[in-house]
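Here is a short report on one protein model. Look at the structure first, then read on.

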Amino acid sequence: MKLKTKEIVQLIFLDAVLLFSIALFFALPWGFKNYPLQFQWNVFFVLAADTSGADSGTGKSILFGFVIPALIVFAAFKLFMCVFVKNEKKFMLIHKITTLCSFVVSVSILFVTAKMWIYFKIARNILGKPSESNFYQENFVSEEDFRIIPAEQKRNLIYIFMESMEPGFTSIENGGLLRENLLPNIKQLAEENINFGDKNVMRGGINLQGTSWTVAGLFSKTSAVPYFSPFVTKNGKKQCLPKLKKLGDFLYEQDYNLVFSMGSKKQFEDRDIVLEQQHFEIHDINWYKENNILDKNYQVFWGFEDQKLYEFAKIELENLSAQNKPFVYSMLTVDTHFPDGYKCTLCKENYKEKIENVFECADFQLANFIEWAKTQSWYKNTTIVITGDHNYLDAPLNNFITRNSDLNKKEIADDRRFLDIIINPVPELKNVTQKRKFSSFDVMPTILEALGNKIEGKGIYLGRSLFSGEPTLVEKYNESFVENETMTKNTVYESYK
């Protein structure tokens, strides 16, 4: 079969469109199994940020998940056409019809199942003109309206962000969501220390839009505002709400040393900008390699596992405590990351699913680290805060919670929270046991008061200290209303860029 030059060019175009359509058809179920595509805000902002340094298994997953299957189907189609369709006009006609139908079907399925119109609404919201917000006018406490009075005796802070950690990963009989209790040690820590839930039942914080993925969790829990397109470029440098003072800024002004450790690359999702602007010195996988603490060729999962992170944390704390200044040491765990987590040599095989064993292992490692901290000379003057960075990011076709729970979907959805535990705050707050309803916005002012600072004013930005009598936004309003108001472009938020 001989084709003219024009037909060859046309055929190359048809092949490209057809291969794309077939790959898209295979990519949809792969995506709905491996990514939380039902959370459009998360997906939009993550894709808009720096995504270099992602899970080392992503490339392999993409290759076997839809690239190779698409190539096989495409090759089979081409072989069929070349063997059985000898007529040139018939060949081109069948190819055009097949390509058009494949493209229309795959794109239509994508548009409907992924609700693509929502992304257009998000983009329009972000790119549109900021509006005046009555909600912000009534509830946002600016720097002119609050004052932080530093504690006379500075306390150290260890701030542990646990990847995707929820208090609900205990058993139903213990107030959780699952058939089995994956977090016996964390539950005990919550009962023995401060957790703003029911007596003997961990509750945790509400995972609002703009706080519900890693960088958004880090940002909102240290700034008391949501992650709503917070970046601006000034003098060629990307900055994150540069006019807004955040947790690191307040403590840096009090002469704290600030270090943040993570087992992945700091630039993923622009976490480096969010943290370094707050004066944190970030020690990520590249830093540990450059300082010969980790082998230069080492790479598992997102970088290195929590087993190593906790050991590095002990070294970091020894170094910080040897300096004649108060310190903030923060760390972000990674082993429990969606979809399946990372199973290290410490993990046992007590449960059927890998992720269950990983969460149990994370519980064990945290407890060991806390026990070690209690033996250190600096512990008496150190407050430890443990939070989940956000809720576990289940996917539409992959949700280990519903698979391992006897509760219905609504009961589960209504009780999803991020973990919160405060260990060893200032003595006058140690016996606080009040039940509170709160979000990520309230974490930062609560930490400041746990360290002995006094807040004059009803709160900081959108946050309220849980040690105060001020109602939080989610105590005052419906959660959906708060999300709608905080995830709309407004003049107050934009004024801090």
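## A buried asparagine

The side chain of asparagine 398 makes a polar contact with the side chain of arginine 403, at 3.1 Å. A polar contact is a pair of N or O atoms within 3.5 Å; within protein, one must be able to donate a hydrogen and the other to accept it, and residues adjacent in sequence count only if both atoms are side-chain atoms. A polar atom of the asparagine 398 side chain also lies 3.2 Å from the backbone oxygen of lysine 33.

Where is asparagine 398? It sits in the loop between strand E8 (382–388) and helix H14 (400–403). Asparagine 398 is buried, with a relative accessible area of 9%. Buried means under 20% (1.4 Å probe, protein chains only).

## About the model

This is a predicted model: local features need pLDDT of at least 70, side-chain atom pairs count only at pLDDT 80 or more, and totals for chains, interfaces and linings use all residues. Residues are numbered from 1 along each chain as its sequence is written, and side-chain values use heavy atoms, without hydrogens and water.

## Two helix pairs

Helix H1 (residues 5–34) packs against helix H4 (residues 88–113) at an angle of about 30°, and their axes are 9 Å apart. That makes H1 roughly parallel to H4; the term covers angles under 35 degrees. Their contact has 15 nonpolar, 8 polar and 3 charged residues.

Helix H12 (residues 306–321) and helix H13 (residues 354–374) cross at roughly 15°, with axes that come within 11 Å. H12 and H13 are therefore roughly parallel to each other. Their contact has 6 nonpolar, 2 polar and 3 charged residues.

Definitions and conventions
Axes fitted to C-alpha atoms, helices over the stretch in contact; angles between N-to-C directions. Helix = DSSP H or I, 4+ residues; strand = E, 2+ residues; numbered from the N terminus. Parallel < 35°, antiparallel > 145°, perpendicular 65-115°, else oblique. Nonpolar A, V, L, I, M, F, W, Y, C, P; charged D, E, K, R; others polar. Buried < 20%, exposed > 50% of the residue type's maximum accessible area, 1.4 Å probe, protein only.
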